[in-house]
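Hi everyone, thanks for making time.

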Amino acid sequence: GCWPGRSGRDERLVARGVSNICYNTAAAGRVKNGLSPSIEDMWHTKRIVAPSAEREPMTAEQMLLLLLGSGEAEGDLDPVRLQKTAFVMGERMRARGEEPPFEFKPYDYGPFSIDVCRTIDSLVARGLVETIDVPGRDWKQYRLTNSGRQVIVAAEIATRWRMLAGRLHDWSIARPFRTLLQAVYKEFPEFAAKTKLPELTE
């Protein structure tokens, strides 16, 4: 689940459970060797580009399906990583003059959108996403089903957003919880205003 206080509970559980764990050893090695992009590389842009007239704006469902189904690193996204990757992707869209499908507010562990929770719950209910139990943990991870993958393959989405979703997926998988939050707080300090981990803003 992903709802407040469910959402806050999930984030606290993730914070306690994986704060010092890297989800994927191979991905962690790429980060160590400088092969994984920084958050600045993935979202920063000086050039404002008008949205393409050839495609409809990306929907909330399409964004989450992309984030779950893209990338090369093995691993599934937990509620925190789903929230943070959706946030960063939305900011990149905004920088290019496109309207992101979610609005975020500062919360216990940085940017949070209740609509991400509603959307992921809807995708699970429709059989496009499945929840994966994490041994010894009370929170779950999310994974595309075959039906969900077919939907996103068929969707008309600009290549740049497909590529960015993959990079964000791998970037979040490769970083421990605290390192992930530090990167987000560094680039978007206004969203750290209510964090329960203020030491990560220093």
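Let's start with a crossing: the one between α5 and α9 is left-handed. Before I go on, remember that this is a predicted model.

So who touches whom here? On the α5 side, the contact is made by V80, R81, K84 and F87, and on the α9 side by F177, L180, L181 and V184. In general, you describe two packed helices by the angle between their axes and the distance between the axes. For α5 and α9, the angle is about 25° and the axes are 11 Å apart. Angles under 35 degrees count as roughly parallel, and therefore α5 and α9 are roughly parallel to each other.

Now, K84. This lysine sits in helix α5, which covers residues 79-95. Is K84 buried or exposed? K84 is buried, because its relative accessible area is 0% and buried means under 20%.

Next, the largest nonpolar core. It has 40 residues, and L64, L67 and M89 have the most contacts inside it. Several elements give two or more residues to this core, including α5, α9 and β4. The top contributor is α4, with seven residues.

Let's zoom in on M89. Leaving out residues up to four places away in sequence, M89 touches M58, M63, L66, L67, W161, L164, A165 and L168.

Apart from that core lies another one, of eight residues, and Y109 and F177 are among them.

Methods. Residues are numbered from 1 along each chain as its sequence is written. This is a predicted model: local features need pLDDT of at least 70, side-chain atom pairs count only at pLDDT 80 or more; totals for chains, interfaces and linings use all residues. Side-chain values use heavy atoms; hydrogens and water are left out. Helices (H or I, at least four residues) and strands (E, at least two) are DSSP runs, numbered from the N terminus. Buried means under 20% relative accessible area, exposed over 50%, partly exposed in between (1.4 Å probe, protein chains only). A nonpolar core is a set of buried Ala, Val, Leu, Ile, Met, Phe, Trp, Tyr and Cys residues joined through side-chain atoms within 4.5 Å. Contact means heavy atoms within 4.5 Å. Axes are lines fitted to C-alpha atoms, for helices over the stretch in contact, and angles run from 0 to 180 degrees between N-to-C directions. Angles under 35 degrees count as roughly parallel, over 145 as roughly antiparallel, 65 to 115 as roughly perpendicular and the rest as oblique. A crossing is left-handed if the near helix is turned anticlockwise from the far one by less than a right angle, and right-handed if clockwise.
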